[in-house]
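Visitor: I am new to this structure and would like to learn how to read it feature by feature. Could you show me the model and then take me through it?

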Amino acid sequence: MWTERGNEGALEDVCQRLGLRAAGIDRRHYFPETAVVPVWATRAAIELMMFATGVIGELRRATDNPVFFMEDARETQHEWSDDLANRIEWPGAEVPAVCLLDTGVNRAHALLEPAIAPVDLHAYDTEWGTDDHDSHGTAMAGIALHGDLVAQLSDTQVRTLRHRLESVKLLPPHGADANNPNSYGSITQAAVALPEITAPERFRIYCMAITNKGVSGAHPSTWSAAIDQAAAGTMVGDDDGAPQRLFVLSTGNTAPVMRMAKLIGQDSYPAEDPSQSWNALTIGGYTDFSAVTDPGYEDWSTLAKVGELSPHSRTSVGWLHSRSPFKPELVLEAGNRAVSPARNDILTVDSLCLLSTGRDVGRLPLVPFDATSAATAQGARIAARIAADHPEYWPEMIRALMVHSGEYTEHMRSAFAAQPGLRERYALVRRFGYGVPDFERATASARDQVALVAQSEIQPFRMQGTRKFNDCHYYQLPLPTAVLEQLGNELIDLKVTLSYFVDPNPGFSANVDPQRYQSYGLRFDLRRKGETVDLFKRRVNAAERDDPSIGGARHPDDSRWLLGPDSISTGSLHCDTWSGPAIDLLGRDRLCIKPVGGWWRDRARPEVVNRRASYALVVTLKGRRIDIDLHTPISIAVQPPVEIDLPLGN
C-alpha cells in the first residue's frame with residue numbers, strides 16, 4: 001500500500017481496526033513523499049480500506065524479495081550497495097555492538113567496513129586469521145547491522161545506525177583441527193573475553209547461531225552452563241565489575257530435506273545445545289514470505305503459510321516441561337521453502353529468503369540468507385538498537401523488553417484459541433515462543449498500551465542463624481480506576497514479563513531438580529479480585545516460604561492467564577498475560593516479586609547466602625480497541641514514579 005508519509009500512522013490505525021498486520025519499518029520502502037507499506041490483507045479488507053479511508057494512494061502486489069538483486073541486478077550489485085552505503089549515517093565508536101561468535105567477517109564490504117574496526121576483529125586461535133572462511137559470518141553481520149537489505153537498497157531513505165559490529169572467529173577454517181565438543185564452553189568463554197579486553201566499556205550483545213549439531217538441549221550442558229555463567233558475570237576472571245552481557249542464540253535448523261516423503265514434523269527436531277541456556281535469549285523462526293517468484297519456479301507454492309513457524313525452525317516441545325525452560329523465547333523471520341506443483345520436491349529459493357552481505361565482495365556482495373541464523377541476527381540487532389536508545393537499561397531489561405514486545409500472528413493466536421487448557425498451551429510456547437518481537441513496541445508505549453518498567457536489586461535469601469528467604473518486592477500498579485469502570489465488561493490485557501540471570505550449578509542433580517541448577521529463582525504474583533493487601537502479602541509469603549514450587553492454592557482467576565502460575569517451573573525469564581473484563585482488574589493494583597529456592601540458599605557461607613541479584617520487570621495494560629486511552633490516566637497516576645516497598649520476609 002502506497003501512502004503519503006504523513007498518512008503512515010493513519011494507515012497503521014486502519015490496519016489495527018480491521019485486524020490486519022502491516023509489515024514492520026524494516027520491510028517498508030521510503031521515498032521523499034511516499035511510504036510503501038506491505039500489508040497482509042484479504043480482498044474484502046482491501047476494498048473496505050480503499051473506499052472507507054483516504055490513506056491509500058496506490059495499491060500493488062508486494063514483490064520485495066532478493067530475486068531482483070540476484071537476477072536482474074546481479075551485475076550491478078556494487079552500485080546498489082554503494083548507493084545505500086552513501087545514504088547511511090554510520091555509528092561512532094562509543095555505541096553498543098553486536099559481537100558475532102561465528103566464522104569471521106569480511107570487513108572489506110561497503111556496507112560493513114565503516115561499522116567494524118580492524119581492532120574489533122578477533123579469533124579464538126590467532127593462527128586461524130579473522131577473515132570469513134565460510135560466508136556465514138559475513139551474512140550474519142549484514143543482518144545484525146542492517147536487517148533485511150531488500151527494502152533499504154530499494155528506497156531513497158537516509159538510514160542512521162546507532163550500533164556497531166565486532167567479530168570473534170569461533171570456528172576453525174577449512175583444514176584446521178575441529179574444536180573439541182567437550183571444550184565448547186571454555187572456548188566460548190575465552191572468545192567472550194577477547195573483545196572485552198579491546199573495548200572494556202562497550203555494551204555488547206553476543207550473537208551466536210552455532211549449535212552442537214544433533215545434540216538436544218533438553219538438559220543443561222557444559223556449553224549452555226558456560227553461557228549462563230558468562231551472562232551472570234561469574235565466569236573465571238569476572239569480579240564485581242564484570243561487563244554486562246546479553247547472549248542471543250539460535251535453536252538450530254531442521255534437516256534441509258528435498259523430498260516431501262522425508263519431511264517430518266518440526267517437533268521431531270529438538271532445539272539444539274546450547275539453546276537451552278537459561279540466561280540467553282533464544283531465537284526461533286517464523287515466516288511471512290508467501291510468494292515464489294524465482295524464474296522457472298512460478299508454479300511452485302510455499303511449504304509454510306503466512307505467520308506459521310518457518311520450515312527451518314526447531315522447537316522444544318519434546319523437552320520435559322518441569323526440567324527445561326521455554327525455548328525459543330521469540331521467533332523472527334527465518335524464510336520459507338518452496339514445494340513443487342506435484343508436492344513431491346522441496347527447495348530453498350531466493351524469493352523466500354532475506355538479503356544480506358556476501359563474503360565474496362568482488363563477485364557477489366549481496367546474497368540470500370535464511371534459517372534461524374538470519375532470525376538470530378535480527379534478534380541481536382533489535383537488542384543493540386534498544387541498548388542504543390536506552391543506555392541505562394541492563395541486559396536483563398533489554399531481554400525483558402524484547403520478549404514483552406512479542407505478539408502472536410493470526411495463525412499462532414488461532415492455535416492458542418484451539419487449546420483452552422493451560423497445560424496444552426505449553427507446547428505452543430515451545431514452538432512459537434512469546435511471539436514476534438518489534439523494535440517500536442519494545443521502545444515506546446502506544447496510546448492504548450502503557451508500559452511500566454523497573455530495574456531493581458533483590459536479596460533472595462539471608463542467613464540469620466538459619467537460612468531464610470529475605471526480600472519480597474511489592475509494586476503498586478497505577479491502574480486507571482475510572483477508565484476500568486467505564487469499560488466494564490470490555491476485554492483488556494495485563495501482560496507481565498520478569499527477567500533475571502541465574503548463576504548456574506550444572507551437574508546430575510541439576511538435571512533432576514532445576515532448583516539445584518539455579519542460584520535463586522523469582523516469581524511474580526498479582527493481587528486477586530477482592531483480596532485485601534494484607535491477605536495478598538500473607539498469601540504470597542506463605543507460598544514462597546512453605547513450598548515455593550506450589551505457589552499457593554489454585555484460584556479461579558488462574559484460568560484467565562494465558563499460561564497460568566503452574567507454567568513457571570524453570571528458566572530465568574517468565575512472561576504471561578491476564579485477559580478478562582476490565583472491571584475485574586479493579587483493586588488488583590499490587591504486584592509481588594518473590595524469591596524461590598536455589599543453591600545459594602543451601603551454602604554454608606553467609607557471603608553466598610546473602611548475595612544480591614538484579615532483575616527487570618515490565619508490565620503493560622492494553623485495551624482491545626485502539627480508541628481506548630489508557631496512557632493519559634496512567635501517566636497522571638505515575639507522578640511521582642511508582643513506589644517500591646521492600647519488606648523483609650518473615
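Guide: Let us begin with a rule for the sheet: two strands pair if DSSP finds at least two bridges between them. In this predicted model, strand 8 and strand 10 meet that rule, pairing in the parallel sense over three bridges, and within this pairing Leu121 has Ser167 of strand 10 as its bridge partner.

Visitor: Which strand does strand 7 join, and over how many bridges?

Guide: Strand 7 is joined to strand 10 by six bridges, and the two run parallel; Val98, for instance, stands opposite Leu165 in strand 10.

Visitor: In what order do the strands of the open sheet follow one another?

Guide: The open sheet is formed by seven strands in the order 8-10-7-11-12-13-15, with parallel pairing. Strand 8 (121-123) and strand 15 (330-333) stand at the edges with a single partner strand each, so one side of each has no neighbour in the sheet. From one strand to the next, the twist averages 30°. At the end of the order where strand 15 stands, strand 13 (residues 281-286) pairs with strand 15 in the parallel sense over four bridges, and Tyr286 has Glu333 in strand 15 as its bridge partner.

Visitor: Are the residues of strand 10 buried or exposed?

Guide: A residue counts as buried when its relative accessible area is under 20%. Six of the six residues of strand 10 are buried, and both faces of this strand are covered, with Arg164, Glu166 and Val168 on one side and Leu165, Ser167 and Lys169 on the other. Helix 5 (residues 136-146) lies across strand 7 (97-102), strand 10 (164-169) and strand 11 (204-208), and runs at about 160° to strand 7.

Visitor: How should I read a pair of aromatic rings?

Guide: Such a pair is described by the distance of the centres and the angle of the planes. The count comes to 17 aromatic pairs. One of them joins Phe68 and Trp80, whose ring centres are 5.5 Å apart and whose planes stand at 85°, so this pair is edge-to-face. Phe68 lies in helix 3 (residues 67-70) and Trp80 in helix 4 (residues 77-86), so the pair ties together parts that are twelve residues apart in sequence. Phe68 is partly exposed, at a relative accessible area of 35%, and Trp80 is partly exposed as well, at 26%. Together with Phe69, Phe68 and Trp80 form one aromatic cluster.

Visitor: Which charged residue sits over the ring of Phe439?

Guide: The charged end of Arg385 sits over that ring, 3.9 Å from its centre. In another such case, Lys537 lies over the face of Tyr474, at 4.8 Å from the ring centre.

Visitor: How many salt bridges are there, and what does Asp389 form one with?

Guide: The count comes to 34 salt bridges. Asp389 forms one with Arg162, where the closest N and O atoms are 2.3 Å apart. Asp389 belongs to helix 9 (residues 371-389) and Arg162 to the loop between strand 9 (159-160) and strand 10, so this pair ties together parts that are 227 residues apart in sequence. Another salt bridge joins the side chains of Arg28 and Glu12 at 2.7 Å, N to O; here Arg28 is buried, with a relative accessible area of 4%, whereas Glu12 is partly exposed at 35%. Finally, salt bridges link Asp83, Arg87, Asp155 and Arg159 in a network.

Technical notes
Residues are numbered from 1 along each chain as its sequence is written. This is a predicted model: local features need pLDDT of at least 70, side-chain atom pairs count only at pLDDT 80 or more; totals for chains, interfaces and linings use all residues. Side-chain values use heavy atoms; hydrogens and water are left out. Axes are lines fitted to C-alpha atoms, for helices over the stretch in contact, and angles run from 0 to 180 degrees between N-to-C directions. Contact means heavy atoms within 4.5 Å. Buried means under 20% relative accessible area, exposed over 50%, partly exposed in between (1.4 Å probe, protein chains only). Rings of Phe, Tyr and Trp (its six-membered ring) pair if their centres lie within 6.5 Å; planes under 30 degrees apart count as stacked, over 60 as edge-to-face and the rest as tilted. A charge sits over a ring if NZ of Lys or CZ of Arg is within 6 Å of the ring centre and within 35 degrees of the ring normal. A salt bridge is a side-chain nitrogen of Lys or Arg within 4 Å of a carboxyl oxygen of Asp or Glu.
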